[in-house]
Amino acid sequence: MHELSIACEILEQVMATATEHGATEVKHVTLQIGRLSHTNPEQLSFCFKAIAEDSIAKDADFIVEMIPPSLECECGYTGPIDEKQIQENCGFTSELLAYAAVMDCPICGKHARIKGGRELIIKSIEIETENQD
Ligand SMILES: [Zn+2]
C-alpha cells in the first residue's frame, strides 16, 4: 500500500527528530501533502497510528494539510488554481483529471502548466521532553 510506505518514512523521520531532541513523547505531527500526490490522508493517518503503536509517537495527533497545486503560465502568471472553476466545469475537485482538464491561464487564456501539488512535507513536530514540566 502506497500510504503504508509513506507512513513508515514519516515515522522514521519523526523518530529521528524526536530522538535527537531527547523526546519522551511526540504530541503532534503536521504533514503537508500535495493534492496530486494520490495520497489518502485518512489512510495515511490510519497507517501512521498502526505502525507508531509501539513508539513514543503512538498518541500523537496526526494532522494532514492538503496543498493545492498552482498554475504557471508563459505570460508570467503564477497563482492558485481556481477550485470553483474546476468544480463548475468538471463536477468534482482534487482529481488529477479535473486539474488536467481545466488548465487555462486566467490572464491570457492559454494553457498553463501545473506546478507543485505532489509535495509531501513534514511541516512540524511537537514533542515533549523530560526537562519540560
Ligand atoms: Zn497566461
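Modeller: Two strands pair if DSSP finds at least two bridges between them, a strand being a DSSP run of E with at least two residues, numbered from the N terminus. The model is predicted, so local features need pLDDT of at least 70 and side-chain atom pairs pLDDT 80 or more, while totals for chains, interfaces and linings use all residues. Residues are numbered from 1 along each chain, and side-chain values use heavy atoms, leaving out hydrogens and water.

Colleague: How do you know that β1 and β6 pair?

Modeller: Strand β1, residues 23-34, is joined to β6 by 9 bridges, and the requirement is at least two, so the two strands count as paired. They run antiparallel, and H28 stands opposite E126 in β6.

Colleague: Why is one side of β2 and of β6 left without a neighbour in the sheet?

Modeller: The 3 strands form an open, mixed sheet in the order β2-β1-β6. Because β2 (61-67) and β6 (120-129) stand at the edges, each has a single partner strand.

Colleague: What makes the arrangement around the zinc ion tetrahedral?

Modeller: Its protein donors (N, O or S atoms within 2.8 Å of this metal) are the SG atoms of C73, C75, C105 and C108, lying 2.2 to 2.4 Å from the ion. The 4 donor atoms subtend angles of 105 to 116 degrees, and four donors count as tetrahedral if all angles lie between 85 and 135 degrees, so the arrangement is tetrahedral.

Colleague: Why is C75 called partly exposed?

Modeller: The relative accessibility of C75 is 41%, which lies between the limits for buried (under 20%) and exposed (over 50%), taken with a 1.4 Å probe on protein chains only, so C75 counts as partly exposed. C108, at 35%, is partly exposed too.

How values were computed. Helix = DSSP H or I, 4+ residues; strand = E, 2+ residues; numbered from the N terminus. Donors = N, O, S within 2.8 Å, 3.2 Å for Na, K, Ca; no water. Tetrahedral: all angles 85-135°; square planar, octahedral: opposite > 155°, others 65-115°.
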